[in-house]
Amino acid sequence: MHCKKSFMALAAGLAGAAAVAAHAAPGSGRPELPAAYPQAWDVTFTQRAPLRTGEGFCQPAASGASGLCYGKYHGFDPKKIIYAKGTRLFASTLPLACDIEMDQDVAITLRDGVKIYADVFRPAGQDRLPTIMAWGPYTKSVPQDPAWVYPKGMLDPSWISGLAAFETPDPGYWSCHGYTVVNVDPRGVDMSEGNMQSFGRVNAADGYEAIEWAAGQPWSNGKVAMHGSSWLGMVQYQIAALRPPHLVAIAPIGVHISDLYRDRLMKGGIPNTRLNTFLLRSMRGSNLYEEPSVTAQRHPLMNAYWEDKIADMSRIEIPMYLVGSYGLEIAAAELDGFHRVASRDKWLRITEKGLWNDQYTPENVEDYRRFLDRYLKGLDNGWERTPRVRMTVLDPGGRNQRHVPASDWPLPDTRYRKAYLDAATGTLSPRPVGAASSASYDARTGTAVFVHRFDRDTRLIGYLKLRLWVEVAGADDGDFFVTVQKTGADGKVLETAEGYKETGGRLRASMRALDAGRSKDFMPVHAFRKPERLRAGQVVPLDIAIAPTGMVWRAGQELRLTVAGDALKGVTAPSNAGRHVLHTGGKYQAYLQLPVID
């Protein structure tokens, strides 16, 4: 069944933004917490597939992520369970290091009367402990066998206990180190009542209330942190932006973004909804779930609904430990949170490992504990002496450098240099190109390539951007995909042992208008509010943000810039026709801006 709620025109939806915004309630220090979207927003909710005990939620093979499962639902059964020290829940998992007490399916009543359910883990017989909360859409139901949940090779199952739900902190570790772990099924997930929300302030308001509920329980010391990866990392920004009084720290890991529209579903103004669709439609539940990817088909421009799904990073002032990586498709924006949040007490670690492999590696879990011990337990453990940034510098074809320290991100000593495109020679020049020339390619299948050979070892660490001057022949719009790769002197693309080989970006020409308030010199941000289609013969500038990288080029190696109509081949939905013409030199100084670290 497809349940779509269509109401008033989009203009009315813009006016309704105030109804969902969090602002101070008169006479109280608590923000107003919305419980529903304004009707005018025309949000799509769809009936989820039935919830069945013992059923696993796995990615369809067509998603490209077959083998990934979110866990098995074990049924609704409020009760207390004691897991004894030494228990090994699965053959491959870590035995429990202490007796763990679990309160299963504990009800939390929200402001509109909806009940959501949580599992609460703590060391048996202990209370007044700090709390770590995980907030995600998959299932909190445990035990889960990591050898079944995660694709082979993504992590070592012996690192965790089997009490960890998908992408959550492992109670088998944290409870035995003096923490209460609260795993919540948010609104509409499993047996939690209401309709499932995909980010936004309604979901964040629910998280606010759950944090305040946890802080008031007898097993709590009043201090709560949020921890988890991917979706469970993304929600931390929006919940923290509401400033729950008892939320004292966040620790998002990998594939977390703060802007669902720009960073995921409509990157560059080009539909990019496949992953979101597969994620949601592979889940199960009792009620409706929100489908932003369907809403994006009817409302592809920025509006109040999409603005509601952007975290106000300026309101996040609590300590943060962020883990991210360089990437092209999923991970493209996960480092942005570091320079966008207002907190002065923030740390960033940039990893070359896969998401789950890094999240559950024992040495990294110990590192998270040092951070949380400092702010939830008040331990004077020297955490503040940890470098604010620890990064991996990649060397495709060579050997990566790990844990390279820095004081900030982007790196303070970055020198942004322009490499100018020359269509006549297919090269990138360190100086503006005098003679005008152009290159063209079939908008659906073709490419244009520009190469620069380094005469000395060079490190590029940070954000790149590309200024193109483009014309579309035979159409009034075009999608432009760009990739930056490292090649050897023989022209072959080099990659790391982990498979990293490129970074890139994209932009639909009609969506080229910048958002001046959000853009930075090193990172253009587009408004996406009004399409500006091209006239025949019109040449327009495109400023394309390229996902950050940290890579070294050796003397003799080349940087290859590729511009194409579809560099991702089926991952997105480009809509191209005719030919793309790239103008360079003369009055059209196209360039690739590079973050050079001497």
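Student: Is Asp-259 buried or exposed?

Tutor: Start with the cut-offs: buried means under 20% relative accessible area, exposed over 50%, and partly exposed in between, with a 1.4 Å probe and protein chains only. Asp-259 has 4% relative accessibility, so it counts as buried. A word on the source: this is a predicted model, where local features need pLDDT of at least 70, side-chain atom pairs count only at pLDDT 80 or more, and totals for chains, interfaces and linings use all residues. Residues are numbered from 1 along each chain as its sequence is written, and side-chain values use heavy atoms, with hydrogens and water left out.

Student: Which side chain meets that of Asp-259 in a salt bridge?

Tutor: A salt bridge is a side-chain nitrogen of Lys or Arg within 4 Å of a carboxyl oxygen of Asp or Glu. Here the partner of Asp-259 is Arg-262, at 2.9 Å, N to O. Arg-262 is buried, at 10% relative accessibility.

Student: How many salt bridges does the structure hold?

Tutor: It holds 41. Take Asp-308 and Arg-201, whose side chains meet at 3.1 Å, N to O. Asp-308 lies in the loop between α10 (304-307) and β13 (320-324), and Arg-201 in helix α5 (residues 200-215), so the pair ties together parts 107 residues apart in sequence. Helices (H or I, at least four residues) and strands (E, at least two) are DSSP runs, numbered from the N terminus. Asp-308 is buried at 1% relative accessibility, while Arg-201 is partly exposed at 24%.

Student: Why is helix α6 called largely enclosed?

Tutor: Count its buried residues. In α6 (residues 231-241), 11 of the 11 are buried, so the rest of the structure largely encloses it. Among them are Trp-231, Met-234 and Tyr-237. Just after α6, Arg-243 takes a positive phi of about 60°.

Student: What volume does the second largest pocket have?

Tutor: About 750 Å³. Of its 34 lining residues, Arg-262, Asp-263, Asp-336, Arg-340 and Val-525 are the closest to its centre. On a 1 Å grid over the protein atoms alone, a pocket is an open set of points with protein on both sides within 12 Å along at least five of seven lines, and lining residues have an atom within 4 Å of a point. Points are joined across faces, edges and corners, and the volume is the space filled by probe spheres set on them.

Student: Which element gives the largest share of the lining of the second largest pocket?

Tutor: β24 does, with 4 residues.

Key
1 Å grid on protein atoms, 1.4 Å probe; cavity = no way out; pocket = protein on both sides within 12 Å on 5 of 7 lines; lining within 4 Å.
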